[in-house]
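Welcome! Take a look at the model below and keep it open while you read.

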Amino acid sequence: MEKAKTEIIVGMGTCGITAGAADIYALAAESAKTKGLDVRLSSTSCIGMCHSEVLVDVVTPGFARVTYGNVTKEAIEEIISSHVAANVPVAKYVIAQMPSYGKTYDDIPIFGQMPYMNKQERVVLSNCGFIDPLSIEDYISKGGYEAVKKVIGGGDPKAAIEIIKASGLRGRGGAGFPTGLKWEFCNKAVSDKKYIICNADEGDPGAFMDRSVLEGDPHAIIEGMLIAGFSIGASYGYVYCRAEYPLAISNLKVAIKEAHERNFLGDNVLNSGFKFNIKIKEGAGAFVCGEETALIASIEGLRGMPRAKPPFPAQKGLWGKPTVINNVETLANIPRIIVKGADWFSSFGTEKSKGTKVFALAGKINRGGLIEIPMGITLREIIYDIGGGIPNDRAFKAVQTGGPSGGCLTAAMLDTPVDYESIAKAGSIVGSGGMIVMDEDDCMVNIAKYFLEFTQSESCGKCTPCRIGTKRLYEILERITEGKGRKGDLELLEELSEDIRLASLCGLGQTAPNPILSTLRNFRDEYVAHIEEKRCPAAVCKPLITFTIIEKSCTGCMACARACPTSAITGERKKPHFITSEKCIKCGSCFDVCKFKSVLKK
Amino acid sequence: MEGLDDILAKYYQSEGSIVSILQDMEVRYGYIPEEAVAWVSEQTGLSASRFYGVATFYGQFHLVKPGKHVVKICRGTACHVKGSEKISDDIQTMLNVGVGQTTPDGNFTVEHVACVGACARAPIFIVDKDVYGKITPQKAKKTLEQYMGGEGNGKG
């Protein structure tokens with residue numbers, strides 16, 4: 001056997017790469033070589049701590065795995081000289097250590113006990129950040145493909161359906177339909193061909209659960225699809241993935257190829273006679289294609305427009321054949337449930353919402369990233385205990401869940417348990433898992449306008465109430481944020497919202513008014529301030545704010561004058577400056593550059 | 001049209017190929033040239049309007065040739081609350097073009113992208129294939145200057 005080497009593992013998910021992980025990886029390789037160190041350098045995907053990227057882990061054989069965060073070029077040099085070369089961890093960059101790898105070091109926090117981790121329960125994300133997604137060996141070493149062997153070996157397609165039904169797993173894409181039931185409908189449908197589709201068209205802006213799972217654990221999706229295919233009687237699978245996720249697509253391609261070579265995919269899977277092949281279809285940038293029937297139309301090469309249901313895809317789906325469509329996270333749960341059992345899975349969560357849920361925590365939050373929690377913990381625990389609260393001492397204002405179909409929940413609702421029923425009762429939806437935190441500097445009318453700008457442009461145009469109604473909603477919000485709001489606008493928004501909800505065919509139209517309705521319900525005074533006082537309380541809406549320079553504290557450094565694109569700021573060096581309001585376009589550049597907080601935005 | 005035979009051959013036998021054919025054209029040319037659609041339409045017997053209908057439905061397809069560098073500002077929700085609107089405004093002012101437009105010298109095209117899923121690193125902006133996180137309007141403008149009149153910054 002090869003002598004154990006010290007391992008250096010660099011987090012190379014999209015978040016890591018965005019923070020410069022590729023440079024760090026190259027530097028680590030070069031530095032180890034220069035120093036004559038025999039190391040094993042590898043990459044992994046996102047462990048979820050996106051706020052601390054670039055993440056680098058070091059494992060000295062026999063010792064705990066140590067995670068370093070915010071690793072810069074200087075930091076990697078030090079880590080290699082000290083930790084890799086002499087087994088002395090570099091305290092100032094350390095985040096935590098994992099004792100399961102070996103002997104612990106003194107004075108380094110334990111990974112699982114960190115505030116960010118100790119309330120999490122990682123089922124779907126158990127491999128993310130721990131395996132090399134490009135290595136089928138790594139996946140197998142963590143128990144991968146055991147579930148598919150068990151299911152196919154058992155020979156009864158209905159056996160897995162029963163387990164999934166008993167587990168209480170509900171679709172993680174947003175609708176929350178029981179997965180086992182969906183499979184059962186399709187299993188019962190009689191047809192020469194059936195299909196299983198993995199919905200990886202994560203269109204909700206502000207969500208990246210599916211991207212991270214595809215990038216970090218692609219074999220789990222393949223295995224989930226295999227089990228689904230065997231259970232419903234499908235020999236063909238499609239992964240419909242957003243084109244905006246190039247790394248997810250390329251990792252999945254490698255995984256499919258490796259699974260073929262190992263006979264997990266192909267015309268005779270594990271020599272059982274079961275045939276199963278997977279094709280990747282890249283989406284082409286249409287939010288509505290997350291809707292089942294629109295997604296099917298898109299795979300068929302058509303405009304992605306939804307159709308009326310029934311018939312449901314389980315009866316009549318892709319190319320008119322019975323089809324099951326499951327979300328990425330749903331499928332990633334499947335192998336774990338098969339191996340560990342329905343009871344194990346349903347031991348997490350609440351009575352009606354079993355298991356865990358992955359959330360993409362972002363916005364005005366100290367520790368943003370990808371988290372997985374048992375259903376039922378509160379919003380407060382997520383935002384304050386896991387996320388570490390709001391940066392820069394600002395006050396929490398709202399948390400937005402469910403993306404363009406969801407709503408904004410207030411500080412008074414922070415003790416709401418996160419499960420399908422409770423979040424719906426509070427006036428939003430769990431959705432696919434986007435969770436954006438907002439602080440006192442966010443204008444809720446602007447947020448509603450932001451979402452409507454999105455939905456009106458993404459409406460497929462089939463139903464008039466959605467196509468034209470969302471446009472009108474957007475226009476009303478636009479005029480309110482411009483200080484041109486009229487008496488009766490709020491009532492008009494509510495009436496139109498109700499019409500759109502009732503008369504649209506698919507979920508996009510039916511839920512498009514939600515961001516308006518929830519903000520109207522919870523932040524009505526902000527709308528009123530915009531309309532009646534022509535004032536934006538959060539100082540966001542440009543036409544309603546003014547910029548002035550506070551003479552007392554202005555040092556006359558001229559930074560604002562240089563930054564102003566319209567030369568609206570005048571004044572001599574070392575003397576207070578002045579903004580000519582006629583020339584000011586309210587871009588806020590002066591506010592951004594002033595180091596003395598001498599620009600007042602009101 | 002020369003050089004399109006391979007794309008056509010790849011999809012001719014498979015169903016649902018209009019989106020795939022257009023995607024391959026987009027990769028090859030950076031947009032969907034009218035002549036290419038006319039040629040494929042003639043070869044397949046599918047009317048050009050069907051290609052046009054699909055191409056205009058999806059955000060990924062361009063009907064005009066983009067500039068040398070494509071600048072994309074992420075407009076996902078996290079990026080929005082972290083100030084991506086201002087970054088977009090500043091870049092538009094700096095380059096003196098609107099969203100979806102190309103500078104007269106053909107150097108830059110400015111686009112919005114719905115979300116690239118790097119939300120915890122928001123706000124994000126992308127030049128060609130280089131993705132920049134936690135950007136400020138100043139940093140965005142400085143980064144863009146590196147692409148002016150020359151190559152990229154070498155960061156992949």
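## A histidine in chain A

A:His530 sits within helix H22 of chain A, residues 524–532. Helices here are DSSP runs of H or I with at least four residues, strands are runs of E with at least two, and both are numbered from the N terminus. Is A:His530 buried or exposed? With 0% relative accessibility, A:His530 counts as buried. Buried means under 20% relative accessible area, exposed means over 50%, and partly exposed lies in between (1.4 Å probe, protein chains only).

Contact means heavy atoms within 4.5 Å. Setting aside neighbours within four places in sequence, A:His530 is in contact with residues including A:Cys443, A:Val445, A:Ile480, A:Arg535 and A:Leu544.

## How to read this model

This is a predicted model, in which local features need pLDDT of at least 70 and side-chain atom pairs count only at pLDDT 80 or more, while totals for chains, interfaces and linings use all residues. Residues are numbered from 1 along each chain as its sequence is written, chains are lettered from A and ligands numbered from 1 in the order in which they are written, and side-chain values use heavy atoms, with hydrogens and water left out.

A disulfide is a covalent bond between the sulfur atoms of two cysteines. Here it is taken as a pair of cysteine sulfur atoms within 2.5 Å. A:Cys506 counts as buried because its relative accessibility is 11%.

Now turn to A:Cys560. Its closest cysteine sulfur, in A:Cys554, is 6.0 Å away, which is too far for a bond. A:Cys560 also counts as buried, at 9% relative accessibility.

Helix H3 of chain A covers residues 73–86. Its 14 residues should span 20 Å at 1.5 Å a residue, and the end C-alpha atoms are 19 Å apart, which agrees. The expected span is 1.5 Å times one less than the number of residues. H3(A) bends by about 30 degrees at A:Ile79; the bend is the angle between axes fitted to the seven residues ending there and the seven starting there.

A:Ile79 is also one of the buried residues of H3(A), along with A:Ala75, A:Ile76, A:Ile80, A:His83 and A:Val84. These buried residues pack against strands E1 (6–11), E2 (39–44), E3 (56–59) and E4 (65–68) and helix H2 (21–34) of chain A. Just after the helix, A:Asn87 has a positive phi of about 55 degrees.

## Getting to know chain B

Chain B has 7 helices and 4 strands, running α-α-α-α-β-α-α-β-β-β-α from the N terminus on. Of its 156 residues, 51% count as buried. An automatic or database domain assignment divides chain B into domain 1 (5–57) and domain 2 (69–146). The C-alpha centres of these two domains lie 30 Å apart.

In helix H3 of chain B (residues 34–44), the buried residues are B:Ala36, B:Val37, B:Trp39, B:Val40 and B:Ser41. Just after that helix, B:Gly45 takes a positive phi of about 80 degrees.

## Where the chains meet

The contact between the chains takes 59 residues from chain A and 43 residues from chain B. Together the two chains bury about 3,600 Å², with 56% of it on carbon and sulfur atoms. Buried area is the accessible area (1.4 Å probe) that two parts lose on being put together, summed over both. A:Thr18, A:Ala284 and A:Tyr450 supply 17% of the area that chain A buries against chain B, more than any other three residues.
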